[in-house]
Amino acid sequence: MIKVARIIIGATLIVLLSACGGGTTGNTSPSPTVEETRPTRTPRPAASNPSPTTNPSPAALPTTASVGASERPPVINTQTDFRGLGNVQVEMNMAGVAREEGKPEEPFNLLIRQIILENGDRSLTIESTSSDSRLVRITNIQIGGETYQYSEEGSQQFCFSMGSMADLFEGSMLTPDQLIGNLESAQLVERGVQVNGFTTDRYTFSVKEQTANYQGEAKGEIWAASNPAIVVRHVGELIGTITGIVEEDGTAPLPGQLGNLRWEYNVTRLAANTTLTLPEACAQQQAASADIPFPPNVSNQVRMGDLISFETTDSPKNVATFYQTEMEAKGWRPGNTSQYDNTYLLTFTKDGREASITISVIDNKTTVIITISSS
């Protein structure tokens, strides 16, 4: 079962990092974003129409619209650029059942949470829980230009960092309109509702689809803000099935079916002093290599536990000279040094640790691999 949980998170990461784009328009089929996902957590029961926590001031109480009034919300596409909105959190929680021919239905729950801060720091977390209550979580986090990926599976934790070379946040977050398509109309219920730090109007919606890939009825509620023009909250339920959706590159349909989906999507304003902190495993890894210098022109930098690797445009000889000088300046004591052609092996010791530095040429690039161990 835990393998299934890993599959959903890995597949969702692929979706998120493939820039799958915005929601659909009109009465088109939902975008292919979830059929690869198969988490294993039994979904928590949810109310048919969950309501947000509201706290309107006496001067701005909600206004009830005319019963039966139909009005298109100011914005219905949840594919939004949140930059410029200050500190915000975007969260999508989805539950349902996964079906595959010849196998029993399997309940799942998937949570995706993104935090975007005004200072440029951000995080993206995808998690699921297996039927044996073992948590599987992957978090991409960027702090001060350094990007980390942290994963948990039960009690196991792992972290690796990639410097500033990679953007693990490229792509789209799974959103309601990717499940049910874009809405043509909705029922206005009330105006001026304070939700998640925004002033919104509340709408209800109901849409039926009968296509080759999508059969069922979706209904729920939307809280939409006009300034800024974003969907703040979107809750709903699809009674039916999404199946056989073709991937964007036109390849074969994805296997299995997803049915009876429930979702809750929220955009929430965060306090101005909100900061991100590294998971303990990442913080320990960062501290362990804090006294390792790096030459200029470094690219493709990766840190995994006690191993650091990167490429540089400098020659192997210049990189070796750099480390012979800079490691001593950082308090490291030089050990053995060897050279064969364009390959160098340098060792250093400090405070019960040993750093082994291998410098070589791979595919016409100077590649450096550093391992740190207890001496």
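This is a predicted model: local features need pLDDT of at least 70, side-chain atom pairs count only at pLDDT 80 or more; totals for chains, interfaces and linings use all residues.

**Strands and contacts**

Student: How many bridges join strand 2 to strand 3?

Tutor: There are 11 bridges, and strand 2 runs antiparallel to strand 3, which spans residues 106-116. The two strands form a hairpin with 6 residues between them. In that turn, G102 has a positive phi of about 85°.

Student: Which residue stands opposite E91 in strand 12?

Tutor: That is N266. Strand 2 and strand 12 (residues 257-269) pair in the antiparallel sense, over 11 bridges.

Student: And how many residues of strand 2 are buried?

Tutor: 12 of its 12 residues are buried, so strand 2, residues 88-99, is mostly covered.

Student: Changing topic: what does strand 13 pair with?

Tutor: Strand 13 (residues 298-304) pairs with strand 7 (residues 156-161) in the antiparallel sense over 2 bridges. Strand 13 also pairs with strand 14 (residues 307-312), again antiparallel, over 5 bridges.

Student: Nice. How many aromatic pairs are there?

Tutor: The count comes to 3 aromatic pairs. One of them is F158 with F160: the ring centres are 6.3 Å apart and the planes are at 45°, so this pair is tilted.

Student: Is F160 buried or exposed?

Tutor: F160 counts as buried, because its relative accessibility is 18% and the cut-off for buried is under 20%. F158, at 40% relative accessibility, counts as partly exposed.

Student: What about F322 and Y323?

Tutor: Their ring centres are 5.1 Å apart with the planes at 90°, so the pair is edge-to-face. F322 is buried with a relative accessible area of 18%, and Y323 is buried with 0%.

Student: On to charges. How many salt bridges are there?

Tutor: The count comes to 10 salt bridges. Among them is R137 with E152, whose closest N and O atoms are 2.6 Å apart. The pair links distant parts of the chain, with R137 in strand 5 (residues 135-143) and E152 in strand 6 (residues 146-153), 15 residues apart.

Student: Are those two buried or exposed?

Tutor: R137 is partly exposed, with a relative accessible area of 22%, whereas E152 is buried at 15%.

Student: What does R233 do?

Tutor: The side chain of R233 meets that of E264 in a salt bridge, 3.0 Å from N to O. R233 is in strand 11 (residues 230-243) and E264 in strand 12, 31 residues apart. The charged end of R233 also sits over the ring of W223, 5.2 Å from its centre. R233 counts as buried at 5% relative accessibility, while E264 counts as partly exposed at 33%.

Student: Which residue forms a salt bridge with D291?

Tutor: R353 does, with the closest N and O atoms 2.6 Å apart. D291 lies in the loop between helix 3 (280-288) and strand 13, and R353 is in strand 17 (residues 353-362), so the pair ties together parts that are 62 residues apart in sequence. Both D291 and R353 are buried.

Student: Which residues are joined into one network?

Tutor: Salt bridges that share partners join E127, R137 and E152.

Methods
Residues are numbered from 1 along each chain as its sequence is written. Side-chain values use heavy atoms; hydrogens and water are left out. Two strands pair if DSSP finds at least two bridges between them. Helices (H or I, at least four residues) and strands (E, at least two) are DSSP runs, numbered from the N terminus. Rings of Phe, Tyr and Trp (its six-membered ring) pair if their centres lie within 6.5 Å; planes under 30 degrees apart count as stacked, over 60 as edge-to-face and the rest as tilted. Buried means under 20% relative accessible area, exposed over 50%, partly exposed in between (1.4 Å probe, protein chains only). A charge sits over a ring if NZ of Lys or CZ of Arg is within 6 Å of the ring centre and within 35 degrees of the ring normal. A salt bridge is a side-chain nitrogen of Lys or Arg within 4 Å of a carboxyl oxygen of Asp or Glu.
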